[in-house]
Structure formats: structure tokens, C-alpha cells
Amino acid sequence: HNPAARGIYRKIRAAVIGGELIVSHVHFGEQWNVHRERDEVKLHYVNEQKAVVAFADQVLSNPINALGKPALLALEAIKKRISLDLYGIDFDLLPDGRVLFFEANASMSISFFGLPGRQNVREKMRDALDRLFIRKSQNAVAEGRSS
């Protein structure tokens, strides 16, 4: 039980792309198992909660300051245990700064486009994906596997 505000739960997603960890989005819902809310009335209620929205904006624009070093170290520890090139980590932040881990898996939706006002986040993600593909391609050439 970790509501962000009365009747509002939060899910933060970080995308791990080629070893880089990028916070990709913050979603809200009226239940603990948050999915992207599409109901305009419910979204309006969330948007009225200025502190909740401001924190979400801060998480996306400056995750180090918003989440804090202990939370980022926890996410890095998760990242070290999963040897995949592309996957997502869903979590929230507890009031004391610890990470409330929901899940990590490679079948999460990780959008590289859209999200008006968040083009900088999406650009970081696309750049990380480019670096991953370039690195994989260079490794294949070095190992004589290119065609």
C-alpha cells in the first residue's frame, strides 16, 4: 500500500537499454496495479494534485534529484542481476526513499516515440538504442559474424 495521494497510486518505469537506465514514464491509477489511465475524469483528478504531478515531472526531467541516490543504486542493483539488452523495470518510491519494486521484464512496452512534452526522454532512449545496435554490430564484425 503506497498511494502517492488519496486515491492515487503511481508506477514509475525505467527502461534499460544496452546497460543504460532511463526513466521513461510515470503513470497514475486509482488502484495499486497501475496501468496507463485513459479516462479523462480520472486524469483530471490526478492533474489537480499539483504535488503529485510536479514530482512526476521532476522524476522524468531530473531522476537523480527526484528519486535520490539510494533509489538509483537499488535500480542499478536490479540492472546488474538481469543480463538482457532491453527491458523495463516498474517501481515506485516509498516515503523513506526506498524503491518499491514491482517487476522487471523484457516484454514491457517501452515507447520510443510520443509522450508530448517528453521528447528529451524519448530522444535519450532512441540514442541509447542506437548505441546498443552499433555496439552489437561492431562486436559481430570483430567476431567475424557480419554478412
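Strands E1 and E2 form a hairpin with two residues between them, and Gly18 in the turn has a positive phi of about 60°. The structure is a predicted model, in which local features need pLDDT of at least 70 and side-chain atom pairs count only at pLDDT 80 or more, whereas totals for chains, interfaces and linings use all residues. Residues are numbered from 1 along each chain as its sequence is written, and side-chain values use heavy atoms, with hydrogens and water left out. Helices (H or I, at least four residues) and strands (E, at least two) are DSSP runs numbered from the N terminus.

The pairing of the strands is described next. Two strands are taken to pair if DSSP finds at least two bridges between them. E1 and E2 pair in the antiparallel sense over nine bridges, and Ala15 has Ile22 in E2 as its bridge partner. E1 (residues 9-17) also pairs with E3, in the antiparallel sense and over six bridges; here Val16 stands opposite Tyr87 in E3. E3 is in turn joined to strand E4 (residues 99-105) by six bridges, the two strands running antiparallel, and the bridge partner of Ile89 in E4 is Ala104. The hairpin of E3 and E4 has five residues between the strands, among them Gly97, which takes a positive phi near 95°.

Burial was assigned from relative accessible area, with buried meaning under 20%, exposed over 50% and partly exposed in between (1.4 Å probe, protein chains only). Seven of the eight residues of E3 (residues 86-93) are buried, so this strand is largely enclosed by the rest of the structure. E2 is likewise largely enclosed, because eight of its ten residues are buried.

The loop between E3 and E4 contains Leu94, which counts as buried because its relative accessible area is 18%. Contact is defined as heavy atoms within 4.5 Å. Leaving aside neighbours within four places in sequence, Leu94 is in contact with Asn2, Val99 and Leu100. The C-alpha atoms of Leu94 and Ala4 are separated by 9.1 Å, although these residues are 90 residues apart along the chain. Phe133 lies in helix H5 and is exposed, with a relative accessible area of 52%.

Seven salt bridges are found in a search of the whole structure, a salt bridge being a side-chain nitrogen of Lys or Arg within 4 Å of a carboxyl oxygen of Asp or Glu. One of them joins the side chains of Asp90 and Lys11 (4.0 Å, N to O). This pair links distant parts of the chain, since Asp90 belongs to strand E3 and Lys11 to strand E1, 79 residues apart. Asp90 and Lys11 are both buried. Another salt bridge is formed by Arg98 and Asp96, whose side chains meet at 2.7 Å, N to O; both of these residues are exposed. Salt bridges that share partners join Lys11, Arg13 and Asp90 into one network. Arg13 is placed in strand E1 and, at 9% relative accessibility, counts as buried. Residues up to four places away in sequence not being counted, Arg13 touches Ile22, Val23, Ser24, His25, Ile89, Asp90, Phe91, Met108 and Ser109.

Because Glu76 and Lys79 are three residues apart in H4, about one helical turn separates them. Glu76 counts as partly exposed at 28% relative accessibility, whereas Lys79, at 18%, counts as buried.

Glu76 also contributes to the lining of the second largest pocket, together with Leu21, Ile22, Val23, Leu60, Pro63, Ile64, Leu72, Leu73, Val121 and Lys124. On a 1 Å grid over the protein atoms alone, a pocket is an open set of points where a 1.4 Å probe fits, with protein on both sides within 12 Å along at least five of seven lines, and lining residues have an atom within 4 Å of a point. The elements that give two or more residues to this lining are strand E2 (20-29), helix H3 (63-67), helix H4 (69-81) and helix H5 (119-142). The second largest pocket has a volume of about 180 Å³, the volume being the space filled by probe spheres set on grid points that are joined across faces, edges and corners.
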